[in-house]
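Please keep the sequence and the structure in view while reading.

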Amino acid sequence: MTTRLRPLTPRLGAEIDGIDAATVGEDDLGLLRDALREYKVVFLREQRIDLDGLLAFSRHFGELMRLPYIRPLDGYPEIIRVLKQAHEIDMGTFGGDWHSDFSFLAAPPKASILYAEEVPRVGGDTLWIDMVEALRRLPADLRAALDGRDAIHTGAPYGVAHAPAADTRFRGSIEIERDNPEADRETRHPAICRHPDSGAEMLFVNPTYTTRIDGYGEAESKGLLAELYRHLLRPEFACRFRWRPGSIALWDNRNTLHYAVNDYDGQRRCLYRTAIAGHPPVAGG
Ligand code: SIN
């Protein structure tokens with residue numbers, strides 16, 4: 001099978017044809033890893049894998065981790081189902097605001113993988129932002145305000161724009177466990193980090209889990225984060241992926257943010273996801 005790589009934008013997102021996730025060999029894996037390094041998120045189409053196949057494919061990229069606060073699938077502790085059903089309308093969706101996965105953990109995942117089983121006829125796309133490019137184009141005064149500072153993260157929003165009631169435990173399609181001490185506590189990471197593989201510097205803050213920048217008063221920190229998000233959440237730094245059943249997205253969780261677009265009320269969307277264990281982020285500069 002010939003392999004073809006088609007960038008979605010010059011630096012972020014590439015679709016790769018001609019790879020079968022179920023039988024992927026060393027050459028294909030080399031290509032996928034290179035593409036991931038260069039484009040930060042890569043997409044495969046028309047894949048046919050079951051849950052064991054998703055685990056086997058995911059393990060090629062590192063050790064799998066169990067995700068906090070979301071109940072995994074029975075018999076598959078390392079897989080969660082990202083499901084919104086047709087009757088779940090006028091409510092938030094998991095991942096429905098800009099975030100990097102579980103940035104509030106001391107060691108957030110280095111990569112994430114999503115496999116689409118069923119997607120809306122229209123809508124339900126996912127967007128990513130390139131945090132290397134966002135930092136490269138950061139105005140000097142904003143950069144100076146962040147240099148050497150930590151950002152504080154907490155998992156308390158539980159990955160949804162409208163979190164379920166605080167007493168909710170394992171209810172609704174995504175089965176979120178509230179009152180989870182691992183999510184509720186605060187963690188600090190450098191606001192500007194260095195990518196451990198490429199050496200590139202990148203911003204490491206996100207509107208879902210970052211609560212403040214250390215060393216500033218509450219109002220000042222809020223203003224700084226608002227200015228930062230105005231800068232980085234721009235189409236120039238983004239790519240958008242239209243899912244089809246059988247699509248796979250594999251992304252670097254350290255140098256990207258992503259956003260699940262919740263515009264498909266009345267339609268069912270069901271994906272399965274894994275996460276690859278990472279290390280504590282390292283300061284840039
Ligand atoms: C997520 O944030 O992991 C979910 C992304 C999606 O459903 O598109």
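Contact means heavy atoms within 4.5 Å. By that criterion, and leaving aside residues up to four places away in sequence, leucine 146 touches Leu138, Ala191, Ile192, Leu203, Ile213, Leu224 and Leu228. The model is predicted: local features need pLDDT of at least 70, side-chain atom pairs count only at pLDDT 80 or more, and totals for chains, interfaces and linings use all residues. Residues are numbered from 1 along each chain as its sequence is written, and side-chain values use heavy atoms, with hydrogens and water left out.

Leu146 belongs to the largest nonpolar core, which has 30 residues. A nonpolar core is a set of buried Ala, Val, Leu, Ile, Met, Phe, Trp, Tyr and Cys residues joined through side-chain atoms within 4.5 Å; buried means under 20% relative accessible area, exposed over 50%, and partly exposed in between, with a 1.4 Å probe and protein chains only. The members that touch the most others are Ile129, Leu146, Leu203, Val205, Ile213, Leu228 and Leu232. Two or more residues come from each of β6 (126–130), α3 (131–136), α4 (140–146), β11 (192–194), β12 (201–203) and α6 (218–232). Here helices (H or I, at least four residues) and strands (E, at least two) are DSSP runs, numbered from the N terminus. The element that gives the most to this core is α6, with five residues. Another core, of 28 residues, lies apart from it and includes Ile16, Leu36, Leu64 and Cys270. In soluble globular proteins, nonpolar side chains tend to be buried together.

Strand β6 also takes part in an open sheet of three strands, in the order β14-β6-β16, with antiparallel pairing. Two strands pair if DSSP finds at least two bridges between them. The edge strands, β14 (238–241) and β16 (256–260), each pair on one side only. Between β6 and β14 there are four bridges, and isoleucine 129 stands opposite alanine 238 in β14.

Most residues other than glycine have a negative phi. Lysine 40, in the loop between α1 (26–39) and β3 (41–44), has a positive phi near 70°. Lysine 40 counts as buried because its relative accessibility is 8%. Phenylalanine 102 likewise has a positive phi, of about 50°, and lies in the loop between β4 (80–84) and β5 (111–118). With a relative accessible area of 1%, phenylalanine 102 is buried.
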